[in-house]
Amino acid sequence: MRLLTLTTFALFGFAANSLMTRAAIRGHHLDAWTFMVVRLVTGAIMLAILVAAQTTRPQRSCSVSGRGSWLMSLWLAGYAVLFTLAYVRIDAAPGALLLFGSVQLTMFAAALARGETLSPRHGIGVALSLVGFLVLTLPGLSAPDPAGAVLMAGAGACWGAYSLAGRGATDPLAVTADNFLRAAAIGVVIAMPIGMTGPYTATGLALAAASGALASGLAYAAWYAVLPRLPVWRAATIQLSVPVLTALGATLLLHERLTWRLGASMVLVVVGIGLATANRGRSR
């Protein structure tokens, strides 16, 4: 039950991140670079508070098992930076397809390289989830800007690599906190001379802070707490629910129109995830 609760919270947090970003940047409440910096900084602060509040935790070391690393922090900062640059050039829907598609490719490729295999039922579940994801994002899209597409694919590869690197952590909260602190420093160094030109509004800053502290800090801590207990292919498939949750939230909260694609995609992804995450017919 704890695994299910943490996983659900993390996925809803990831979806909330997209909704908050859309609301702030598309509503002209905050520029993209400032949003990114505030998100990383507030996420680092929240995670530092959580680490300080722990009464007991494993003995730290200089390895990935106890602390973060500059390599993992570069993956995290790379995701944030490339994601921001890509959305200057391409729309949200093709961006989501490229981002999560590249995440899945990265994680599935790593799973195959490590010798993980899927049972037929699990394979069907993965295929159904991918079809549902395509139904939601692909039909009717024009070709995205080539540079923007490359940037977003790079962001997805960074996110996938960061997810894989965090699987060995025995103290995932401390690792995530260390990585966020370093990634925030990297983000500030990059953003200060390039962007952060405004506008600045209380609404935008509040959305960015909530995105960092709640939808990033808390959600990432929950995700990396459960990630070591999930096979790579299962973790990758579960993340396919995030675009569906984001689309549903945009319909309910941002008043975007509900379409047949959303309904069909939700059915396919939910059924696919159910098959892919079933315990019977274990995968090796």
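Select His-255 to begin. This residue comes just after helix 10 and takes a positive phi of about 60°. Keep in mind that the model is predicted.

Now step back to helix 10. Select residues 241-253, which make up its 13 residues. From first C-alpha to last, helix 10 reaches 18 Å. That is close to the 18 Å expected at 1.5 Å a residue.

Which residues of helix 10 are buried? Colour Ser-241, Val-242, Pro-243, Val-244, Thr-246, Ala-247, Gly-249, Ala-250 and Thr-251 to see them.

Helix 1 gives the most to the lining, with 6 residues.

Last stop: the surface. Select Val-41, Ile-45 and Ile-49. Together they make a nonpolar surface patch of about 240 Å².

Zoom in on Ile-45, found in helix 2 (residues 32-53). Is Ile-45 buried or partly exposed? Its relative accessible area is 47%. Buried means under 20%, and exposed means over 50%. Ile-45 therefore counts as partly exposed. Patch residues need over 30% relative accessible area, so Ile-45 passes that cut-off with its 47%.

Methods. Residues numbered from 1 in each chain as written. Predicted model: local features only at pLDDT ≥ 70, side-chain atom pairs only at ≥ 80, totals over all residues. Heavy atoms only, no water. Helix = DSSP H or I, 4+ residues; strand = E, 2+ residues; numbered from the N terminus. Expected span 1.5 Å × (residues − 1). Buried < 20%, exposed > 50% of the residue type's maximum accessible area, 1.4 Å probe, protein only. Patch = residues over 30% accessible without salt bridge, like charges linked within 9 Å, V, L, I, M, F, W, Y side chains within 5 Å. Areas by Shrake-Rupley, 256 points an atom, 1.4 Å probe, with all protein chains shown as cover. Salt bridge = Lys/Arg side-chain N within 4 Å of Asp/Glu carboxyl O.
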